[in-house]
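This report examines one protein chain for a reader who is new to structural description.

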Amino acid sequence: MFFSSGDSEKKGKEAVKNLYYFSENQMLDCNQYVIKDPKTEELALFDTGNGISLKGLFKGMEKYNLEYRNITKVFLTHEHVDHVLGLYPLIKTLNDGPPEIYAYGETASILKAGNKSQICPDILGINLEMFGIEIFPLSVIDLANSEEIKVFSEFTFQIHYTPGHSLGSICYYDSNKKILIPGDLVFTGGSFGRYDFPGGSLSDLINSIKYVNNLDVKYLLPGHMGISDNGNPQIAFSYKMIQSMTSFY
Ligand SMILES: [Zn+2]
């Protein structure tokens, strides 16, 4: 069974006050982040996982008294299947009051159109049938016209367009709290996103990592693998690694 453990409980951690990290499940899932408004208990969700892991996220949230019915906003980092597929069961679950969905440029267009082949490119030996989730057109707020967004009362994120992993990839950056949510641009441990998917580009990826390497980052909260509260050295490490790949040419 490909996804036999796909809905197991997601492990959580309060990474920053009122910002919770839920680590990815096995088999093509992603890390997720939940911001709570302490006044209203409203929640904002960053990335939605592969859909199968949604129940596991809800179970994990329960441990921190985060009520999934209070999710009012969803922010996406990019258009890939492991980050957006959870949108569809989430919307069905919250059909009385579906959340606002925010995404950038190409990601917003793909989700508005319900473009299956761009959400799940047919290259990893995976296909949508494995997930058993139906994709349909969504109404999405395009962040391309926003320099920053306020998430409830305590968090303000700048929107930085950082292509290379995909055409619709962005980073969310809170300069006061020094939080970077980079999606699949850069990971901990010297890793960085793949650039061999449709819309990917190695030179764009290098430029984007170089760009975030100049931000003041304490909390690095990426789409896969672990998180760090020592962000800048981690980003610098990834930048060094990706540069070393190209020094042969
Ligand atoms: Zn991706």
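The model is a predicted one. The description begins with helix α7, whose face turned away from its buried side carries the exposed residues P233, K240, Q243 and S244. The buried residues of α7 are G231, Q234, I235, S238, Y239 and I242. Seen down the axis of α7, these buried residues fall within an arc of 135°, so they line one face of the helix. This can be compared with a general rule of helix geometry. An α-helix has 3.6 residues a turn, so residues three or four places apart point the same way.

The length of α7 can also be checked. The helix comprises 16 residues, 231-246, and at 1.5 Å a residue it should span 22 Å; the C-alpha atoms at its ends are 23 Å apart, which agrees.

Against which elements do the buried residues of α7 pack? They pack against β11, α6 (202-212) and β12. Two of these elements, β11 and β12, belong to a sheet, which is described next.

**The open sheet**

Five strands form an open sheet in the order β8-β9-β10-β11-β12, and the pairing is mixed. Strands β8 (148-151) and β12 (219-220) stand at the edges with a single partner strand each, so one side of each is left without a neighbour in the sheet. Strand β11 (residues 179-181) runs parallel to β12, and two bridges join them. Within this pair, I179 stands opposite Y219 in β12.

**The nonpolar core**

Which residues touch the most other members of the largest nonpolar core? In this core of 63 residues, they are Y33, V34, A103 and L180. When residues up to four places away in sequence are not counted, L180 touches C171, Y173, V212, L215, V217, Y219, L220, L221 and G231.

Strands of a sheet pair through backbone hydrogen bonds, either parallel or antiparallel.

| Strands | Sense | Bridges |
|---|---|---|
| β1 and β2 | antiparallel | four |
| β2 and β3 (residues 32-36) | antiparallel | four |
| β5 (residues 71-75) and β6 (residues 100-103) | parallel | three |
| β6 and β7 (residues 141-142) | parallel | two |

Y20 stands opposite V34 in β3, and V34 is one of the core residues that touch the most other members. The bridge partner of V74 in β6 is I101. A103, also among those core residues, stands opposite D142 in β7.

**Two residues with positive phi**

N18 lies in the loop between β1 (12-16) and β2 (19-22). These strands form a hairpin with two residues between them, and there N18 takes a positive phi near 70°. N18 is not a glycine. With 17 other C-beta atoms within 10 Å, N18 is partly exposed.

F152 also has a positive phi, of about 60°, although it is not a glycine. This residue is found in the loop between β8 and β9 (155-161). Is F152 buried or partly exposed? It has 18 C-beta neighbours inside 10 Å and therefore counts as partly exposed, since a buried residue requires 20 or more.

**The chain as a whole**

The protein chain contains seven helices and 12 strands. Along its principal axes, the C-alpha trace spans about 55 × 40 × 35 Å. For 249 residues, a compact globule would have a radius of gyration near 18 Å; the chain has 17 Å, which agrees.

Of the 249 residues, 47% count as buried. Among contacts in the chain with a separation of 6 or more, 65% are accounted for by residues 24 or more positions apart.

How values were computed: Residues are numbered from 1 along each chain as its sequence is written. This is a predicted model: local features need pLDDT of at least 70, side-chain atom pairs count only at pLDDT 80 or more; totals for chains, interfaces and linings use all residues. A nonpolar core is a set of buried Ala, Val, Leu, Ile, Met, Phe, Trp, Tyr and Cys residues joined through C-beta atoms within 7 Å. A residue is buried if 20 or more other C-beta atoms lie within 10 Å of its own, exposed if 12 or fewer, and partly exposed in between; C-beta atoms are placed from the backbone. Two residues are in contact if their C-beta atoms, placed from the backbone, lie within 7 Å. Two strands pair if DSSP finds at least two bridges between them. The expected span of a helix is 1.5 Å times one less than its number of residues. The arc is that of the directions from the helix axis to the C-beta atoms. The radius of gyration is taken over C-alpha atoms; the globule rule is 2.2 Å times the number of residues to the power 0.38.
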